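Please find below a colleague's note on the model under review.

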Amino acid sequence: MSIEGVDRNLSVVLLVLRRLRGPIILMVVLFSLSVLGMVLAPGPPDAQGRPTHMRFFHAFYFVSYTATTIGFGEVPQAFSEAQRLWAIAVIYLSVLSWAYLLKQAVTLMQDETLRRAVAALTFARRVRRLHHPFVLIAGFGETGTQLALALDREGLATVALDLDPKKVERAEMMEFTQPPITLVADASDPNALLAAGLHQPRCAAVAAMTDDDAANLAVAVTQGLLAPRLPSVYRAEHDATVANMAGFAATAIIDPFHVFQNDLALALEHPAAWRVRQMLLDMPLDEIRTDRSPPRGKWIICGAGRLGKAAQAALRSSDLELVVIDRSPTDTGDSSQWITGDATQAEVLRQAGIDKAVGIIAATSNDVDNISIVASARRLNSSLYTIIRQNRRRNEALFAAFHYDLRVVPRHLVAAEALAWLRLPEIPAFLAWLATAPQEHAQNLQETLLRLRRHGPLRNLKLAFLPQTAPALWHALAEDSGITLERLLRSPSLWPEPLALRVLALEREGRWQPMPEEPLTPLRRGDVVLVSGTAAALANLKEICSYEPTLYYVLEGREQPQTWLGRWWAKRALEG
């Protein structure tokens with residue numbers, strides 16, 4: 001046990017002793033008086049008629065089993081009347097003292113300070129006993145919980161801190177394969193982060209997901225100073241916080257509204273790349289209900305909050321006409337038209353030109369208002385592309401029963417982005433390249449991924465051709481320089497059919513080559529491939545690279561001889 005663990009144990013013991021100091025002192029005093037009284041009380045007379053006295057040891061023995069209500073009779077001999085009278089006093093005094101002690105103990109068990117101390121001690125012990133990698137999540141609200149659920153599906157354990165006990169209790173009632181280890185504590189406290197395993201060698205990453213930028217910045221500072229090499233993702237909703245966090249080498253800083261702004265702009269300018277992004281980031285399927293992309297034309301934005309401003313920025317970057325409706329009379333000057341009114345009213349929507357609009361964004365902070373806005377807009381223009389914001393998890397059933405084209409859930413945006421950076425940082429980097437690449441690349445990749453998705457959900461994998469991760473391929477590349485991606489990526493069960501996957505990028509000598517030409521790309525030792533495909537195809541790829549008979553079959557199209565004579569005959573037949 002570490003010094004810190006000893007200190008924590010000692011602090012809890014000292015706290016208990018301080019709170020029970022009165023009852024314990026009373027017990028010691030009464031016990032001492034009881035023993036002394038039994039020693040002084042005259043006992044039965046001896047042979048000479050002189051009264052006997054109980055020795056201290058016998059008195060201590062008698063009081064011990066009497067005061068604990070066990071009862072064992074009169075020892076070492078029958079008592080005198082005086083001794084029995086004092087024994088009665090001992091019994092009643094001990095019962096009263098025990099009752100007082102138990103009452104104080106029950107009160108102590110309900111003491112909030114002790115409960116927090118014991119919870120912290122238990123939490124630290126459970127974290128120390130983790131024998132597999134875990135992600136430390138600071139903030140266990142809706143965003144942190146969403147990330148924990150996604151990590152749980154990936155098989156990663158989580159340790160979570162949150163200052164609100166209701167959030168921790170709510171999360172503990174959710175269905176996790178491996179329930180997170182949680183503690184009600186201030187995540188901005190460095191000691192809480194250390195207790196949560198920040199220094200543990202099995203801590204794989206840190207994610208600050210609170211809704212308070214100051215707390216997330218405090219986590220970034222602590223992690224940057226105490227564990228700078230750990231991968232880290234942080235949520236931030238203000239530009240000043242983003243700038244401060246950038247100074248501590250964070251892996252990714254995620255602003256959900258900035259993510260939505262970039263996504264909407266990408267969907268308008270580069271629809272195929274936007275679709276690929278949704279598939280590779282594994283966004284929930286019910287957040288995009290239709291196959292069509294956001295159209296170009298006139299848009300109406302209902303709500304001028306953070307999400308509404310992000311939508312304005314995205315539409316302005318695409319030079320599109322837009323109208324903003326908000327209950328506030330303040331016009332920021334950023335939009336072409338501002339209407340003060342209630343967007344749930346049909347008359348206000350008509351004033352905004354709903355009949356000529358191609359899309360509407362319900363971006364208010366009230367879920368019922370957002371549903372009402374979209375429902376009213378659809379009655380006036382049934383061809384609208386509708387984007388709706390969901391704010392509260394508790395309204396999930398309402399949105400599940402409602403028809404829309406795109407649903408924006410800020411916590412989902414943050415969780416999906418954070419998961420991508422924690423799982424495979426190369427995926428966001430590839431998507432950034434795809435957003436600026438010629439559109440035919442994204443279109444071809446979209447068609448390929450849609451075809452692969454018919455065989456099952458897509459997963460991403462980074463595989464290095466090294467002795468530890470691909471031993472069979474490592475040895476084969478030393479003998480055969482003609483192994484290409486096209487030859488390698490064949491199905492062992494349906495040869496020569498290709499595996500249900502697509503190579504997204506290939507790294508060679510520290511340089512990434514996006515979307516390499518599979519038939520023309522010879523492989524080398526030390527190459528790294530980034531692929532996306534079904535779980536079965538990725539499992540087959542791992543087997544091909546690790547198991548020599550499977551690799552031989554995939555490359556040659558026939559079973560590998562297992563005996564020396566068979567290998568000699570096959571080699572002779574090949575040479576002949």
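How much accessible surface does the protein chain have, and what percentage of it belongs to carbon and sulfur atoms?

1. The structure is a predicted model. The accessible surface of the protein chain comes to about 29,100 Å², and carbon and sulfur atoms account for 57% of that area. Of the 576 residues in the protein chain, 49% are buried.

2. Overall dimensions. The radius of gyration of the protein chain is 36 Å, whereas a compact globule of 576 residues would have a value near 25 Å. The C-alpha trace spans about 120 × 90 × 40 Å along its principal axes.

3. Secondary structure and contacts. The protein chain contains 24 helices and 16 strands. When contacts between residues at least 6 apart in sequence are considered, 63% of them join residues at least 24 apart.

4. The open sheet. Six strands form an open sheet with parallel pairing, in the order E9-E8-E7-E10-E11-E12. Strand E9 (338–340) and strand E12 (406–408) each have a single partner strand, so one side of each lacks a neighbour in the sheet. On average, neighbouring strands of this sheet are turned by 15° against each other, direction ignored.

5. Strand E7 (residues 299–302) pairs with strand E8 (residues 322–326) in the parallel sense over 4 bridges; Trp299 stands opposite Leu322 in E8. Helix H15 (residues 367–380) lies across E7, strand E10 (359–362) and strand E11 (385–389), and it runs at about 170° to E11.

6. An α-helix has 3.6 residues a turn, so residues three or four places apart point the same way.

7. Helix H19. Ala442, Leu445, Gln446, Thr448, Leu449 and Leu452 are buried in H19. The buried residues of H19 pack against both helices and strands: helix H12 (271–280), helix H18 (426–436), strand E13 (458–464), strand E14 (501–508) and strand E16 (528–534).

How values were computed: Residues numbered from 1 in each chain as written. Predicted model: local features only at pLDDT ≥ 70, side-chain atom pairs only at ≥ 80, totals over all residues. Heavy atoms only, no water. Pairing = 2+ DSSP bridges. Helix = DSSP H or I, 4+ residues; strand = E, 2+ residues; numbered from the N terminus. Axes fitted to C-alpha atoms, helices over the stretch in contact; angles between N-to-C directions. Contact = heavy atoms within 4.5 Å. Rg over C-alpha atoms; globule rule 2.2 N^0.38 Å. Buried < 20%, exposed > 50% of the residue type's maximum accessible area, 1.4 Å probe, protein only. Areas by Shrake-Rupley, 256 points an atom, 1.4 Å probe, with all protein chains shown as cover.
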